[in-house]
Amino acid sequence: MKSTIKYSLGIIASLALLSTSCTTTAEPSGTSINEQRKIRAVNNNRPQKVVTRQTAKTDSLGNLIRESDRLTIEQNTRIRPFGGASSNHGHSHTFGETNYNYVQWLNMSSYRSNEVAQYKRYLANYLGEQAVPPFEQLLTTARSWDRCGYEQYQLPPRELWSNMVSTLRLYDDLKKQGVLPPTAEIRSTYRSPSLNACAGGAASSKHMSNGAIDIWVPEYEGQPWYIDSMKERLCQFWATQGEKYNFGLGLYATGAIHLDTQGYRYWGANNTDSGSYCRYLN
């Protein structure tokens with residue numbers, strides 16, 4: 001009988017020791033079960049860090065605003081120092097290069113920034129803000145600006161600002177009516193007489209009076225069918241509505257398109273109407 005009691009007490013002691021060992025392993029020293037539950041609840045409710053791609057945008061004057069100071073490797077290869085040469089006549093198909101150069105040019109002086117802001121307000125007053133193109137396009141000079149030793153952007157004299165109003169109104173209407181695609185861009189506007197001469201412009205070029213723009217559609221490059229279709233739409237518009245705009249239309253074999261509102265006429269190769277795509281209308 002005594003041996004049986006000793007045996008039972010031995011089993012009970014072993015079980016108690018085993019229970020104490022498991023509890024010690026499961027619970028850190030000094031931490032109760034309730035405290036562990038609180039810690040787990042805090043960890044589960046802690047917000048997780050989410051890595052998002054940083055973006056860039058421009059303000060109303062085209063100034064570059066970056067939400068991060070970090071640039072991707074791809075962006076670094078596309079950004080070049082202000083004033084350096086580039087392909088595609090100083091224009092880039094991607095965000096970054098043209099805007100970067102424009103910001104550098106714009107911020108050369110506070111006087112320049114103020115003058116550009118006044119020019120934009122002037123145009124918006126007559127056209128509405130939606131009809132005013134991005135200024136990094138609207139202030140571009142000749143495509144050969146670098147070769148001629150000029151800046152990529154140029155602000156026209158105040159006395160010529162009014163000449164751009166009717167041309168931009170035409171440009172906006174051409175887009176609204178589907179004659180030009182919404183992705184059309186301006187790549188040449190005002191040129192000083194000396195730059196116009198260096199660039200090979202006509203002696204009476206309307207670019208010198210700030211009344212003309214040259215445009216292109218980047219995605220149409222190397223797509224003759226799309227370019228010819230756009231030329232046909234422009235010629236039809238010129239024939240049916242051009243007179244009321246005083247529409248001057250220049251179409252070139254390179255795909256470049258000249259628009260102005262300084263005289264109802266058209267021309268093409270060699271600056272003659274016989275070389276224009278629109279001659280087929282007659």
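**Disulfides, helices and core**

Trainee: Which residue does a disulfide join to Cys 148?

Mentor: Cys 198, with S to S at 2.0 Å. A disulfide here means a pair of cysteine sulfur atoms within 2.5 Å. This is a predicted model, so local features need pLDDT of at least 70 and side-chain atom pairs count only at pLDDT 80 or more, while totals for chains, interfaces and linings use all residues. Residues are numbered from 1 along each chain as its sequence is written, and side-chain values use heavy atoms, with hydrogens and water left out.

Trainee: Where do Cys 148 and Cys 198 sit in the chain?

Mentor: Cys 148 is in helix α7 (residues 145-148) and Cys 198 is in helix α9 (residues 193-198). They are 50 residues apart, so the pair links distant parts of the chain. Helices (H or I, at least four residues) and strands (E, at least two) are DSSP runs, numbered from the N terminus.

Trainee: Why is the disulfide of Cys 148 and Cys 198 called left-handed?

Mentor: Because the torsion about its S-S bond is about -95°.

Trainee: Is Cys 148 buried or exposed?

Mentor: Cys 148 is buried, at 14% relative accessible area. Cys 198 is partly exposed, at 33%. Buried means under 20% relative accessible area, exposed means over 50%, and partly exposed is in between (1.4 Å probe, protein chains only).

Trainee: How many disulfides are there by this rule?

Mentor: The count is 2. A disulfide also joins Cys 235 to Cys 278, again with a listed S to S of 2.0 Å. Its torsion is about -90°, so this disulfide is left-handed. Cys 235 lies in helix α10 (residues 224-245) and Cys 278 in the segment after β7 (265-267), so the pair ties together parts 43 residues apart in sequence. Both Cys 235 and Cys 278 are buried.

Trainee: What is the pairing of the bonded cysteines, in sequence order?

Mentor: It is 1-2, 3-4.

Trainee: New topic. Where is Tyr 122?

Mentor: Tyr 122 is in helix α5 (residues 110-127). It is partly exposed, with a relative accessible area of 24%.

Trainee: What is Tyr 122 in contact with, leaving aside neighbours within four places in sequence?

Mentor: Trp 161, Ser 162 and Val 165. Contact means heavy atoms within 4.5 Å. Tyr 122 and Ser 162 are 40 residues apart in sequence, and their C-alpha atoms are 8.7 Å apart in space.

Trainee: What span should α5 have, and what does it have?

Mentor: At 1.5 Å a residue, its 18 residues should span 26 Å, and the end C-alpha atoms are 26 Å apart, which agrees. The expected span is 1.5 Å times one less than the number of residues. After α5 comes Gly 128, with a positive phi near 90°.

Trainee: And α8? What do its buried residues pack against?

Mentor: α5, α6 (135-138), β3 (185-188), β4 (212-216), α10 and β6 (257-260). The buried residues of α8 (residues 163-176) include Met 164, Val 165 and Leu 168. Gly 178 follows α8, and its phi is positive, near 80°.

Trainee: Is Ser 188 buried or exposed?

Mentor: Ser 188 counts as buried, at 0% relative accessibility. It sits in strand β3. A polar atom of its side chain lies 3.1 Å from the backbone oxygen of Thr 141. Its contacts beyond four places in sequence include His 207 and Asp 214.

Trainee: Switching to strands. Which way do β5 and β6 run?

Mentor: Antiparallel, joined by 4 bridges. Two strands pair if DSSP finds at least two bridges between them. β5 and β6 form a hairpin with 5 residues between them, and Gly 255 in the turn has a positive phi of about 100°. β5 and β7 run parallel, with 3 bridges.

Trainee: What stands opposite Gly 250 in β6?

Mentor: His 258. In β7, the bridge partner of Gly 250 is Trp 267.

Trainee: Which residues cover the faces of β5?

Mentor: Gly 248 and Gly 250 are on one side, Leu 249 and Leu 251 on the other, and all are buried.

Trainee: Last one. Which residues have the most contacts inside the largest nonpolar core?

Mentor: Leu 123, Leu 249 and Leu 259, in a core of 43 residues. α10 gives the most to this core, with 7 residues. A nonpolar core is a set of buried Ala, Val, Leu, Ile, Met, Phe, Trp, Tyr and Cys residues joined through side-chain atoms within 4.5 Å. Leaving aside neighbours within four places in sequence, the contacts of Leu 123 include Phe 135, Trp 161 and Leu 168.

Note on methods. Polar contact = N/O pair within 3.5 Å; in protein donor to acceptor, adjacent residues only side chain to side chain.
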